[in-house]
Amino acid sequence: KRWRAVSLAKTKLGASYVAGMSGPTKFDCSGLTSYAWSAAGVKIPRTSADQIAAMTPKTAATLKPGDLVYRPGHI
């Protein structure tokens, strides 16, 4: 499923960035991640704060394609 999420996200390269949007043609950061994972069959929360709160932390050395990286306010 992670590769489906990554592949879907890559098809949205160049899409407009608009705060509060979650597709299909305009996204903010967490809107794109929730959209891509949903298309891969995995429901994740909509906002970056809720996404990071729901995830299990990993070290940089253990990240895999599709894992979410958080910076305050962005995912």
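**Figure 1. Asp67 and its salt bridge to Arg2 in the predicted model.** Asp67 is partly exposed, with a relative accessible area of 22%. Its side chain meets that of Arg2 in a salt bridge, at 3.1 Å from N to O. Asp67 lies in the segment after α3 (48-54), whereas Arg2 belongs to helix α1 (residues 2-11), so the pair ties together parts that are 65 residues apart in sequence. Arg2 is partly exposed, with a relative accessible area of 25%.

**Figure 2. The network of Arg2, Lys58 and Asp67.** The side chain of Asp67 also forms a salt bridge with that of Lys58, with an N to O distance of 3.1 Å. Lys58 has a relative accessible area of 41% and is partly exposed. Through shared partners, salt bridges join Arg2, Lys58 and Asp67 into one network. Side chains of opposite charge can pair when their charged atoms come close.

**Figure 3. The salt bridge between Arg46 and Asp28.** The structure as a whole contains three salt bridges. One of them is formed by the side chains of Arg46 and Asp28, at 3.1 Å from N to O. Arg46 is located in the loop between α2 (29-39) and α3, and Asp28 in the loop between β2 and α2; the pair therefore ties together parts that are 18 residues apart in sequence. Arg46 is partly exposed, at 28% relative accessibility, while Asp28, with a relative accessible area of 11%, is buried.

**Figure 4. Surroundings of Gly20.** Gly20 is found in the loop that runs between β1 (16-17) and β2 (26-27). This residue counts as exposed because its relative accessible area is 52%, and the cut-off for exposed is over 50%. Leaving aside neighbours within four places in sequence, Gly20 is in contact with Asp28 and Arg46. Gly20 and Arg46 are 26 residues apart along the chain, and their C-alpha atoms are separated by 9.4 Å.

**Figure 5. The largest nonpolar core.** Five residues make up this core: Ala5, Ala36, Trp37, Ala40 and Ile44. When its neighbours within four places in sequence are left aside, Ala5 is in contact with Ala36, Trp37 and Ala40.

**Figure 6. The largest pocket and its lining.** The largest pocket holds about 330 Å³ of space. Of the 14 residues that line this pocket, Met55, Thr56, Lys58, Asp67 and Leu68 are the closest to its centre. The lining comprises nine nonpolar, two polar and three charged residues.

Technical notes:
Residues are numbered from 1 along each chain as its sequence is written. This is a predicted model: local features need pLDDT of at least 70, side-chain atom pairs count only at pLDDT 80 or more; totals for chains, interfaces and linings use all residues. Side-chain values use heavy atoms; hydrogens and water are left out. On a 1 Å grid over the protein atoms alone, a cavity is a set of points where a 1.4 Å probe fits but cannot get out, and a pocket is an open set with protein on both sides within 12 Å along at least five of seven lines; lining residues have an atom within 4 Å of a point. Grid points are joined across faces, edges and corners, and a volume is the space filled by probe spheres set on the points. Ala, Val, Leu, Ile, Met, Phe, Trp, Tyr, Cys and Pro count as nonpolar, Asp, Glu, Lys and Arg as charged, and the others, Gly among them, as polar. A nonpolar core is a set of buried Ala, Val, Leu, Ile, Met, Phe, Trp, Tyr and Cys residues joined through side-chain atoms within 4.5 Å. Buried means under 20% relative accessible area, exposed over 50%, partly exposed in between (1.4 Å probe, protein chains only). Contact means heavy atoms within 4.5 Å. Helices (H or I, at least four residues) and strands (E, at least two) are DSSP runs, numbered from the N terminus. A salt bridge is a side-chain nitrogen of Lys or Arg within 4 Å of a carboxyl oxygen of Asp or Glu.
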